[in-house]
Amino acid sequence: MSSPPGEPRRIGYLYILPAFLVYGAFLLYPLIRAVHLSLFQWDGITLGKFVGLSNYLDVVRDAGLRAAFGHALVLIVFYSVLPVVIGLALATVLHRARVRGLGFFRTIVFLPQVVAMVVVAVAWRNIYSPDGPLNDVLGGSRGWLGDYTFALPAVGVIGTWIETGLVTVLLLAGMARIPSERYEAARLDGAGPVAEFFAVVLPAVRGEIAVAVTLTVIAALRTFDLVYVTTSGGPGTSTSVPSYEVYHRAFELGQVGSAAAVGVCLTALIFLITLGVNRIAERA
Amino acid sequence: MKKTIIAAVALALTATACTPGSGSPSGGATAPTTVKTDAAALGQVELTVWDQEVRGGQAAQMAEQIKGFEAKYPNIKIKRVSRSFDDLKTTLRLALSGNDAPDVVQANNGRSDMGEFVKAGQLLPLDKWAEAYKWGDRYPASVLQYSRYSADGKTFGEGNLYGLPQVGEVVGLYYNKTKVPTPPASWAEFEAALAKAKAAGDVPLQFGNLDKWPAIHVFGTVQDQFVPADQITKLAFGRPGASWKTPENQQAAETLVSWVDKGYFNNGFNGQGYDPAWQDFGKGKGTFLIAGTWLQADLQKALGDKVGFMLPPGGKPVTGGTGLPFAITNKAKNPDAAAAYINYITSPDAMKVLTSTGNLPIADTATQQAPAGLAGDIFKSFGTAVSTGALAPYLDYATPTMYDTLGASLQDLLAKRATPAQFLDKLEADYSKFAGK
């Protein structure tokens, strides 16, 4: 009973130990193991061959893989930029109008987040099919997912549809916290709805936007199920994405080392982008 | 504390620093020198069998075969683990390298499955048992080639026998009998029928290629008409000595493109799923459908006696293959008992069970009490294909990457993103990179 509470300080590490063990076993160990595997040429069965960084060189050299990363960047526009823009508009309208049954609308908008991705993908596959509802509305019989120009945007639009709900709900929560005095002050200064949006709403939900961008960018970069079910990377290779390549190399081609290298690169890219987003959000 | 963390990380690193795969054997498994075929004298044995026969008729036949086998050899007990095709494909790799591996497994024929397992020495060559049980008389060579690999797993279609399949499949023409009362007797008549259907305002060929692979079967069917059978076999098994850059292959690719030009396929076929396409055919839309025998049950249900099946006319080779072959693992505790099981489920009696449960048995197909209607057509077609040795392997068997190369290139070709020459260049590059090694 001689030492003050919490002493010795090192006992604190004991408290985080259980969580750290779980974290270590299921996150750190696989990550280290993936980095380790990426240095080998290994088919998943026979003895691997140490090849140093050549798997990483191949990631840079392989034109198909570069294209896949390019597609992922295009998807960011659809998964992240569009949902934030649409979400801001939608949330502002829902917040200002104080519509009856707001909870109902919020549920509807959020619903795509709750539905399993494979279900979403199968549904949209039908919507886009040559004799599907989209063509019924537009007339004609274009196979959207089989079209070299439209396949990637078509997959992207599904992403927009999914992520908009998440972004909207996040922003609504942020806007609900804005004290009404600020609106009053803005109105007294003669601000219209647009000026009010830029002067009051936008700065107040900056944190929520940062969270939304981080979540949606991660979703864009690791898209797998959507592409796998809708196009399998086609037509040709026009919708291939890095995470699809990871699966493809590891499980179909038996190039486990190369797959791990792509995975590690993707992890690094996601880490860098989210780091950048958060830096910008904090500084602004 | 910092030191402890560094030590922990270092420990984790050293723990993982073993070369991946170092726990598994390398090199081909050695064939047994003597084999026993008297299964009743093997003593008490428990066989663990992994198969993917989970669907209706498949599950029924497997259950019946096992019951029959256990009744015949009470000393052998079968412990059956069945998983869907996809589950089996993804778990088999790990299972085979583990210490508690199953005795008998159903392994996909292709290079990325059976080929890899052979390379890793995880499957036993069955040739000694094939000799003892006379499997060579039971199955024609064109069927057995699908389970043959060289001991190093590099050559496909030749060498040791590593598995025995139960069922067969072949890609042919489904036709709507109300629109095609007399099936075409030659390739020229078939193309004339396509033109006639187009003129009548129908979709001559239902086709859904969103999933990439369906075009492989359509192209294979066209290619079979132009390219000599031995060339196709070499190309499809990825063996050296053939080339994609031949006038015959060019002609095949040009024919396919001309079908697009003439509007023989439905609009937007590259964006249409495989299932919706055959479902449309099942609803009476479209005159022909190039597809495999696996659609038999569904199309029979949809169209009843209005649907027929035939091999592409002209007596040329036909794209086809076998169901997943059953193989014996190198960890099998009693390989003789495992071989006895495989022998039993591929025997003439087993073929009868397969027929009665609605499957397409791979041997003696023509002599089975063929069912009426569509199933009858299919039995007759497959019997002809096997007995004349006309079975041509799936083109995507060729190399580990060919499935993708071919699927993507065919989408390019059909969408006119690539000329036939560019299309063949891509295939040749994939093929020669692999076969040239």
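In what order do the four strands of the open sheet in chain B lie, and what is their pairing? In this predicted model, the order is β2-β1-β3-β11 in chain B, and the pairing is mixed. Because β2 (76-82) and β11 (326-328) of chain B stand at the edges, each with a single partner strand, one side of each is left without a neighbour in the sheet. On average, and with direction ignored, neighbouring strands of this sheet are turned by 25° against each other.

Within the sheet, β1 (residues 45-51) of chain B runs parallel to β2(B), and the two are joined by seven bridges; in β2(B), I76(B) is the bridge partner of V45(B). Helix α2 (residues 56-72) of chain B packs on the sheet, where it touches β1 and β2 of chain B, and its direction makes about 165° with that of β2(B).

A contact between two helices is found elsewhere in the chain B description: the axes of α13 (residues 296-303) and α16 (residues 373-387) of chain B come within 9 Å and cross at roughly 145°, and the crossing in which α13(B) passes α16(B) is right-handed. From α13(B), the residues Q296(B), L299(B) and Q300(B) meet G373(B), L374(B), A375(B) and I378(B) of α16(B). This contact of α13(B) with α16(B) has four nonpolar and three polar residues, and no charged residues.

Turning to chain A, the domain assignment gives domain 1 (11-50) and domain 2 (58-283), whose C-alpha centres lie 30 Å apart. In the contact between them, 10 residues of domain 1 of chain A meet seven residues of domain 2 of chain A. On the domain 1 side, α1 (11-37) and β1 (40-41) of chain A are the elements that give two or more residues, and α1(A) gives the most, with three residues.

The two chains also touch, with 37 residues of chain B in contact with 37 residues of chain A. On the side of chain B that touches chain A, α1 (2-16), α3 (85-97), α4 (111-119) and α17 (402-414) of chain B each supply at least two residues.

The table sets out the residue classes for two of the contacting sides.

| Side | Nonpolar | Polar | Charged |
|---|---|---|---|
| Domain 1 of chain A, touching domain 2 of chain A | five residues | four residues | one residue |

Terms used: Residues are numbered from 1 along each chain as its sequence is written. Chains are lettered from A and ligands numbered from 1 in the order in which they are written. This is a predicted model: local features need pLDDT of at least 70, side-chain atom pairs count only at pLDDT 80 or more; totals for chains, interfaces and linings use all residues. Axes are lines fitted to C-alpha atoms, for helices over the stretch in contact, and angles run from 0 to 180 degrees between N-to-C directions. A crossing is left-handed if the near helix is turned anticlockwise from the far one by less than a right angle, and right-handed if clockwise. Ala, Val, Leu, Ile, Met, Phe, Trp, Tyr, Cys and Pro count as nonpolar, Asp, Glu, Lys and Arg as charged, and the others, Gly among them, as polar. Domain bounds come from an automatic or database domain assignment. Two strands pair if DSSP finds at least two bridges between them.
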